[in-house]
Amino acid sequence: MNTKNYVLDFDSQIDQKQKLDKLVSISYLKNKKFFGENIPSIKITFLYTRPQMDKVCDQKTPGWLVGYTKNKQIFIFSPSIFSQVSDHPDSDFPYVLTHELAHIFSNELLGFYYPLWLHEGLAGYIAGQYKIRKVKNTDQFSKLHDAKSWNQHPNYPQSFNFTKYLVNHFGKQKITQFLKQLPKAVGKHHYPSEFEKFFQQFFKTEFNNIAQNWLNTHKK
Ligand SMILES: [Zn+2]
């Protein structure tokens, strides 16, 4: 077990350390397998009530929000009360935990932030959330790029699914290389046009063609 790489903060009257440790180690290893490296000093704090989450996020949080990550700390609802305090079934817990851990690995090792569809998409790909979230409607990727537009239409299913397509199409190695170079080339915050330009430069193919190909396979 990778107990050295993370510490758990939980209510020992509600949760058993051994049980939480097992869940965390499975999610952690999924990330280690994808990224090929360890990230030390992660802290995971388990929450038990919605007001606790509101306090962490400093706002009234919606029922779908079950995890929050800042720097190397994750706040997540305990698997013991997961479905009681959210819209999610208990079975979503491991996916969400892996997703939040993926944000830490991605932030530490790749450091990209925009486009948000790819930032969220990569976490969802690693967590396997494309299996549990069907794509119902599709948006233009430029409309899922920055924080302002993402917050209006957070299309997680599309992001998960298209990222899976990208990884399958180009390979994990190439995608992670691209994501590592992206913030260096155009900055963490940039415009969709700058992303598309660097995409074309890196992959020698047009982003819009790849997006269209995905849409075509997806429609079948
Ligand atoms: Zn996320």
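User: At roughly what angle do the axes of helix 3 (residues 93-109) and helix 4 (residues 116-127) cross?

Analyst: In this predicted model, the axes of helix 3 and helix 4 come within 8 Å. Helix 3 and helix 4 are oblique to each other, and their crossing is right-handed. The crossing angle is roughly 130°.

User: How many nonpolar, polar and charged residues make up the contact of helix 3 with helix 4?

Analyst: Helix 3 contributes Y95, T98, H99, A102, H103 and S106 to this contact. Helix 4 meets them with L122, A123, G124, I126 and A127. By class, the residues of this contact are six nonpolar, five polar and no charged.

User: Which peptide bond is cis in the model, and what is its omega?

Analyst: Most peptide bonds are trans. The bond joins Y114 and P115, with omega of about -5°.

User: How many nonpolar, polar and charged residues are in the contact of helix 1 with helix 3?

Analyst: On the side of helix 1, the contact is made by L23, V24, I26, S27, Y28, K30, N31 and F35. On the side of helix 3, the residues are P94, L97, T98, L101, A102, F105 and L109. The division by class is 11 nonpolar, three polar and one charged.

User: Which residues have the most contacts inside the largest nonpolar core?

Analyst: In soluble globular proteins, nonpolar side chains tend to be buried together. The largest nonpolar core of this model has 35 residues. Those with the most contacts inside this core are I44, I76, L101 and A102.

User: Which element gives the most to this core, and with how many residues?

Analyst: The elements that give two or more residues to the core include helix 1 (17-35), strand 2 (42-47) and strand 4 (73-77). Helix 3, helix 4 and helix 6 (156-170) also give two or more. The most comes from helix 3, with eight residues.

User: How is helix 4 oriented to helix 6, roughly perpendicular or roughly parallel?

Analyst: The axes of helix 4 and helix 6 come within 7 Å and cross at roughly 75°. Angles of 65 to 115 degrees count as roughly perpendicular. Helix 4 is therefore, relative to helix 6, roughly perpendicular.

User: How many nonpolar, polar and charged residues form the contact of helix 4 with helix 6?

Analyst: From helix 4, the residues in contact are W117, L118, E120, G121, L122, G124 and Y125. They meet Y156, S159, F160, F162, T163, K164 and V167 in helix 6. These residues divide into eight nonpolar, four polar and two charged.

User: What distance separates the C-alpha atoms of G63 and Y165?

Analyst: G63 lies in the loop between helix 2 (50-57) and strand 3 (67-70). Not counting residues up to four places away in sequence, G63 touches S86 and D87. G63 and Y165 are 102 residues apart along the chain, and their C-alpha atoms are separated by 29 Å.

User: What is the phi of S41, and what is the phi of D58?

Analyst: Most residues other than glycine have a negative phi. S41 is found in the loop between helix 1 and strand 2, and D58 lies in the loop between helix 2 and strand 3. S41 is exposed, with 11 C-beta neighbours inside 10 Å, and D58 is exposed, with 7 other C-beta atoms within 10 Å. Phi is positive in both residues: for S41 it is near 60°, and for D58 it is near 60°.

Notes: Residues numbered from 1 in each chain as written. Predicted model: local features only at pLDDT ≥ 70, side-chain atom pairs only at ≥ 80, totals over all residues. Axes fitted to C-alpha atoms, helices over the stretch in contact; angles between N-to-C directions. Helix = DSSP H or I, 4+ residues; strand = E, 2+ residues; numbered from the N terminus. Parallel < 35°, antiparallel > 145°, perpendicular 65-115°, else oblique. Left-handed = near helix turned anticlockwise from the far one by under 90°. Contact = placed C-beta atoms within 7 Å. Nonpolar A, V, L, I, M, F, W, Y, C, P; charged D, E, K, R; others polar. Core = buried A, V, L, I, M, F, W, Y, C linked by C-beta atoms within 7 Å. Buried ≥ 20, exposed ≤ 12 C-beta atoms within 10 Å, placed from the backbone.
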